[in-house]
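Dear colleague,

I am handing over the structure we spoke about, and my notes on it follow below. Please read them alongside the coordinates.

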Amino acid sequence: MMAWTRTAGAVGLLVLGACSFESSSSTTDTAGLGGTESDTEETTGPDGTSTTGSTASGSTPTSDPSDPSDPSDPSDPSDPTTDPTTDPTTDPTTDTDTTDPTTDTDPSGGDAASVDLDGNDFGTVDYQSTPTRTFTLTNVGETPTQNLAVVPSALFDVDSDDCPGSLEPGESCTVVLSYDADTLGPFSGELLVGYDNADGLQELSRALTVEVVGETGNLISDPGFEGCTPGTMPSGWQVFAGPDWSCENWKGLPPHAGTLYLSGPASNLDEFDVGTFIDLTPYEHAISTGSMSFELRGQARSWDPDNDFYRLRIRYRNAGGVVQTQHNPGLSSSANWALQSDERTLPNDVSEARIDFYCQKSGGDFCDAYLDTLSLVGTYNP
Ligand SMILES: [Ca+2]
Ligand SMILES: [Ca+2]
């Protein structure tokens, strides 16, 4: 804990920084500025409001160095009450502030190394991009740093770091961080800087936030059923009621796109339901914010207006399989491809979507419900 080394210390820094950063920095500040002394003196001295820190010498010695014209003041101590009024109010504030720090740093061994950190936060970035941000460290003190080390939270990568352990006064160095935006949603971390100066270990940090926004792309693996073998069930789909459905181009019924679509079965039964599950856990971080929406789109049709009926439904479920929200429209019938769609913002604990396509037969041997050009796209852009 005494000092960070650039090798092993880089790993340890994150741990100690996370738990002790604030307390250690505040301790350092107080000790470094010697503020305790001046604060105490100011509060104890009854007339001390007008004077600087040192009590032992009283008001006279302190007023002298700050104001050469004060030699006339020696008469003042006889009348302390007049001092505050005669001495401009600027004296107490200005004098104490300016004289204290310089006086205090001297006993600690000269003007210590002091590092300034400058750079922009990540902010809003595009999904599946790898943005970078450059941070500049400058030694604004008057002695070199020792054991200077820069460590970001594990979310961020260090692309480059040209900072020496000993950064000379007035010199700057740069650290370039990158972020792999492979998950939608908001994230936060920090950039920690540590070094030793004459006062010991110094730490500073910069909060880092990143908001990854964008769309998931179509989560349906074979949205047009074009990768399916005709006459078989499409991969990843399962029958919930009735016999198997199949990918077909039946009786020349034209697909909405491509050469195939999902077709209902031939059966004496009159209810048929086929479906697929979509894993939404890769997006659960963004969903958990309550600000991620999903849009389902599909093209569906019957054979003719009353032969037969279809319904494209989506149910969003939590990890326990309980439906949290759903689009469950009534039955439709159409002699042409018709867009079925639903867009909604999901509750914060949804982890799965169950899509199913239902057919209710009203005539003939086949259950004439056809589905093509299906898509499910999630959007996070709060
Ligand atoms: Ca198709
Ligand atoms: Ca039919």
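Thr-134 has Val-176 in β6 as its bridge partner. The two strands concerned, β3 (residues 132–139) and β6 (residues 172–178), run antiparallel and are joined by seven bridges; strands here are DSSP runs of E with at least two residues, numbered from the N terminus, and two of them count as paired if DSSP finds at least two bridges between them.

Please bear in mind that this is a predicted model, in which local features need pLDDT of at least 70 and side-chain atom pairs count only at pLDDT 80 or more, while totals for chains, interfaces and linings use all residues. Residues are numbered from 1 along each chain as its sequence is written, chains are lettered from A and ligands numbered from 1 in the order in which they are written, and side-chain values use heavy atoms, with hydrogens and water left out.

β3 and β6 belong to an open sheet of four strands, ordered β1-β3-β6-β5 with antiparallel pairing. Its edge strands, each pairing on one side only, are β1 (115–119) and β5 (157–161).

Elsewhere, β14 (residues 309–317) pairs with β15 (residues 323–327) in the antiparallel sense over four bridges, and Arg-317 has Val-323 as its partner. These strands form a hairpin with five residues between them, where Gly-321 in the turn has a positive phi of about 85°.

Finally, the calcium ion (ligand 2) is coordinated at 2.2 to 2.4 Å by Asn-307 (OD1), Asp-308 (OD), Gly-363 (O), Phe-366 (O) and Asp-368 (OD); donors are N, O and S atoms within 2.8 Å of the metal (3.2 Å for Na, K and Ca), and water is not among the atoms, so the site may look incomplete.

Best regards
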